[in-house]
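Reader: I have a protein structure open and I would like to learn how to read it. Could we go through it feature by feature?

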Amino acid sequence: MDTRPVVLDLYCCQGGAGKGYDLSGFRVIGVDQDPQPRYPFEFVQMDVFAFLSTFWDVASRAALVPASPPCQFDSETQRIRSNDHPDLIGPTRIVLDMLGRPYVMENVRGAVPKLRDPVMLCGTMFGLETYRHRYFETGGGFILEAPDHPTHTHTQAKMGRPVRDGQYGQYIGNYSGVGKSRKVMEMPWASREGIREAIPPKYTQWIGERFMDYRNQ
Ligand SMILES: C[S@@+](CC[C@H](N)C(=O)[O-])C[C@H]1O[C@@H](n2cnc3c(N)ncnc32)[C@H](O)[C@@H]1O
């Protein structure tokens with residue numbers, strides 16, 4: 001029997017975030033509305049809100065509930081405001097609050113005004129060759145303290161252009177060089193579509209380790 005504490009990985013995509021929680025000692029169960037054949041853990045294909053209303057008891061036994069609502073609504077490169085890309089940050093927080101479990105809700109810089117006291121993580125904090133700032137709101141009693149933010153020392157390749165030697169890649173949109181992005185992001189199983197959506201596993205491994213410390217206090 002698997003006795004590891006459960007992380008319920010909402011909006012899991014191909015599992016960038018999920019991988020970090022796995023590495024920090026959790027059993028990871030992902031939920032996404034789209035099929036995710038590359039997701040490396042247990043997976044349920046379902047709308048997040050339908051999943052929670054159907055499996056509320058299961059969800060309320062999770063140790064930690066991370067959620068990455070889609071960021072197209074707030075992405076600086078892709079401001080698409082339509083019914084195809086609804087803003088799910090507010091509705092997701094409502095259900096996470098009702099669930100009452102510790103949670104981590106992540107998003108991009110454009111969404112910062114909607115996040116509560118988010119902590120920013122950058123690839124430089126983990127020795128990655130990408131800056132990839134992502135913002136993490138926590139709740140349900142779990143608090144994160146931001147690590148020091150090292151100075152940015154490299155130029156970034158322009159969006160869609162190959163990453164030249166000495167540059168850092170952004171790996172968003174229709175970028176080229178999926179092989180390099182798999183190495184930099186540490187996601188060898190993922191496709192370009194999965195990587196451009198992903199939180200680097202290193203970020204969530206760090207969060208998972210902080211959460212294990214919090215649980216064991
Ligand atoms: C930003 S990606 C998540 C990235 C992931 N956390 C990672 O680190 O790899 C958002 C995902 O949410 C999914 N999604 C969007 N709306 C959804 C909904 N209502 N229910 C379930 N999944 C949804 C999309 O299919 C997409 O895979």
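This is a predicted model: local features need pLDDT of at least 70, side-chain atom pairs count only at pLDDT 80 or more; totals for chains, interfaces and linings use all residues.

Reader: Let's begin with burial. How many of the residues of helix α1 are buried?

Author: Six of the eight residues in helix α1 (residues 16-23) are buried, so by the under-20% cut-off for relative accessible area this helix is mostly covered. The buried ones are Gly16, Ala17, Gly18, Gly20, Tyr21 and Asp22.

Reader: And what covers the buried residues of α1?

Author: The cover includes the strands β1 (6-10), β2 (27-32), β4 (65-67) and β5, together with helix α7.

Reader: Can we try a single residue? Where is threonine 92, and is it buried or exposed?

Author: Threonine 92 sits in helix α4 (residues 89-99). Its relative accessible area is 1%, so threonine 92 counts as buried. Leaving out residues up to four places away in sequence, threonine 92 touches Tyr11, Phe49, Ala67, Pro69 and Met105.

Reader: Now a loop residue, please. Is threonine 130 buried or exposed?

Author: Threonine 130 belongs to the loop between β6 (119-121) and β7 (134-139). Threonine 130 has a relative accessible area of 0%, and therefore it is buried. Its side chain reaches the backbone oxygen of glycine 169 at 2.7 Å. Not counting residues up to four places away in sequence, threonine 130 touches a set of residues that includes Gly123, Tyr168, Tyr171 and Met185.

Reader: What is the general idea behind a nonpolar core?

Author: In soluble globular proteins, nonpolar side chains tend to be buried together. Here, the largest nonpolar core has 51 residues, and those with the most contacts inside it are Leu8, Leu10, Tyr21, Leu52, Leu121 and Ile207. Helix α7 (residues 201-215) gives the most to this core, with five residues.

Reader: Which residues is isoleucine 207 in contact with?

Author: Setting aside neighbours within four places in sequence, isoleucine 207 contacts Tyr21, Val104, Leu121, Phe136, Phe142 and Leu144. There is also a second, separate core of nine residues, with Tyr171, Trp189, Ala190 and Ile195 among them.

Reader: Where does alanine 190 lie, and what does it touch?

Author: Alanine 190 lies in the loop between α5 and α6 (192-197). With a relative accessible area of 0%, alanine 190 is buried. Not counting residues up to four places away in sequence, alanine 190 touches Gln14, Arg38, Arg182 and Ile195.

Reader: Let's turn to the ligand. How many residues surround the ligand?

Author: The ligand is surrounded by 19 residues, and the closest are Ala17, Asp32, Asp47, Val48 and Ile199. By class, this shell has 10 nonpolar, five polar and four charged residues.

Reader: Which polar atoms of the protein lie by the ligand?

Author: A polar side-chain atom of aspartate 32 is 2.7 Å from an oxygen atom of the ligand. A polar backbone atom of glycine 16 is 3.0 Å from a ligand oxygen atom. A polar side-chain atom of serine 68 is 3.0 Å from a ligand nitrogen atom. Of the 610 Å² of accessible area that the ligand has on its own, the protein covers 93%.

Reader: My last topic is the backbone angle phi. What should I look for?

Author: Most residues other than glycine have a negative phi. Aspartate 117, although not a glycine, has a positive phi of about 45°. Tyrosine 171 is not a glycine either, and its phi is positive at about 55°. Just after α1, glycine 25 takes a positive phi of about 105°.

Reader: Where are aspartate 117 and tyrosine 171 found, and is each buried or exposed?

Author: Aspartate 117 is in the loop between β5 (103-107) and β6. Its relative accessible area is 74%, so aspartate 117 is exposed. Tyrosine 171 is in the loop between β7 and α5 (178-185). At a relative accessible area of 2%, tyrosine 171 is buried.

Conventions
Residues are numbered from 1 along each chain as its sequence is written. Side-chain values use heavy atoms; hydrogens and water are left out. Helices (H or I, at least four residues) and strands (E, at least two) are DSSP runs, numbered from the N terminus. Buried means under 20% relative accessible area, exposed over 50%, partly exposed in between (1.4 Å probe, protein chains only). A polar contact is a pair of N or O atoms within 3.5 Å; within protein, one must be able to donate a hydrogen and the other to accept it, and residues adjacent in sequence count only if both atoms are side-chain atoms. Contact means heavy atoms within 4.5 Å. A nonpolar core is a set of buried Ala, Val, Leu, Ile, Met, Phe, Trp, Tyr and Cys residues joined through side-chain atoms within 4.5 Å. A residue is near a molecule or strand if one of its heavy atoms lies within 4 Å of it. Accessible areas come from the Shrake-Rupley method with a 1.4 Å probe; for residues, only the protein chains shown count as cover. Ala, Val, Leu, Ile, Met, Phe, Trp, Tyr, Cys and Pro count as nonpolar, Asp, Glu, Lys and Arg as charged, and the others, Gly among them, as polar.
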